[in-house]
Amino acid sequence: MIAKRNYKNTDEQISLLGFGCMRLPKIDPEKSDIDKTKAQEMIDYAYAHGVNYYDTAYPYHEGKSELFVGEALKKYPRESFHLASKMPVWLVEKPEDTLKYFEEQLKKCQVEYFDFYLCHALNLDRLEIIQKNHIFETLQKEKEAGRIKHLGFSFHGSVEALDKIAHAYPWDFAQIQLNYYDWDMQNAQQEYKILEDLGMPVVIMEPVRGGALNTLCPEALEMLKKADPKASPASWAIRFAASLPGVLTVLSGMTAMEHVTDNVATVDEFKPLTEEERELLFKVADVYKKSKTVPCTGCRYCMDCPAGVDIPAVFKIYNQYCTTENKAAFVADYDALGESKQAHNCVACRQCCSQCPQSIDIPARMEDAVALAKKLKG
């Protein structure tokens, strides 16, 4: 059975691996519809092996994730799993909207309470929305009524913004992006320390950076293979996040059964990283950074693009070439994307930039993709 950690100073045990439901398997890659048969099998396997934390949110799979998760988990005793969902703060225009969305989410998930409930993807602008519409106060009343067990927030932004948000209210926990690549690149180390100093349990998202730390580049992959031929690159990333003592659970957005089995095996009789292994991962990160990939996790917060560009798809194809240098694969995948979704359609409106959790200069990197396409296609 997989490792568990206690929530603060209680006997409430949370599985060290959490099931993120943002990237469930889809029937059609171009659409949001979930392949319910495959996804149910994955949920069942995770549950059978001790995973008891399931994370969803209002916008995941265009609103279908909460519906699926509610259906998938209803056959299990409610007290046997911890369900997390999130308030879509950006949709709240007036105080009464908070309760409207909260009630809708409870209904979609077919539950009477959320174990962990978060204000979603906070930054300073969304903190203002919370303050203006008294969102925290409304949710605090729901917590007092027993419909929320633990109230927290997920975060995308600067270290300074996190510090302000973390101190704004008496939050129970926080969710941040953390992995060995972002430890320095995105100041994850500083963010973790802010929360640790507050005694706030940390939920980790993007431990494998949307799968990027599982593919890496040939030189980086060879370094990991040499250190442990049997360990997957993803398992190294999961172990890095899970080894931090202030971490409550590590979410993995799993899209296939092999992801579930590998992640479960990683936290089964969990072994924290040694200092030597941590140093190895930082060296791997340095090598990967030099491969010139775009640090996109495929979260799709940048979408929809007004010009029609499929931003995450372009970056995925671009990154695959950067790591493999397979010209034929790039040309085939880029052509398959369709002319209307390709990078040359970007008009540099920068609407996407403010939504990107990775702070990527998307128009600039689109120019890189256009240049690569011209080069490889002659």
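Reader: Leaving aside its neighbours within four places in sequence, which residues is K341 in contact with?
Author: K341 is in contact (heavy atoms within 4.5 Å) with E30, G308, V309, D310 and V314, once those neighbours within four places are set aside. This is a predicted model, in which local features need pLDDT of at least 70, side-chain atom pairs count only at pLDDT 80 or more, and totals for chains, interfaces and linings use all residues. Residues are numbered from 1 along each chain as its sequence is written, and side-chain values use heavy atoms, with hydrogens and water left out.

Reader: How far apart are K341 and G308, in sequence and in space?
Author: The two residues are 33 residues apart in sequence, while their C-alpha atoms are 5.5 Å apart.

Reader: And where does K341 lie?
Author: K341 lies in the loop that runs between α15 (327–337) and α16 (362–377). Helices (H or I, at least four residues) and strands (E, at least two) are DSSP runs numbered from the N terminus.

Reader: What is the relative accessible area of K341?
Author: The value for K341 is 27%, so the residue is partly exposed; that class sits between buried, under 20%, and exposed, over 50% (1.4 Å probe, protein chains only).

Reader: Changing topic, which strands close into the barrel?
Author: Eight strands do so, in the order β3-β4-β5-β6-β7-β8-β9-β10, with parallel pairing. Strands pair when DSSP finds at least two bridges between them.

Reader: How many bridges join β3 to β10?
Author: Strand β3 (residues 17–20) is joined to β10 by four bridges, and the two run parallel. Within this pair of strands, G18 stands opposite L251 in β10.

Reader: What about β9, which way do its side chains point?
Author: From strand β9 (residues 202–205), V202 and I204 point one way, V203 and M205 point the other way, and all are buried. In a regular strand the side chains alternate between the two faces of the sheet.

Reader: How many bridges join β8 to β9?
Author: Strand β8 (residues 173–177) runs parallel to β9 and is joined to it by four bridges. Q177 has M205 in β9 as its bridge partner.

Reader: And over how many bridges do β9 and β10 pair?
Author: Three bridges link β9 with strand β10 (residues 247–253), again in the parallel sense. Here V203 has T249 in β10 as its bridge partner.
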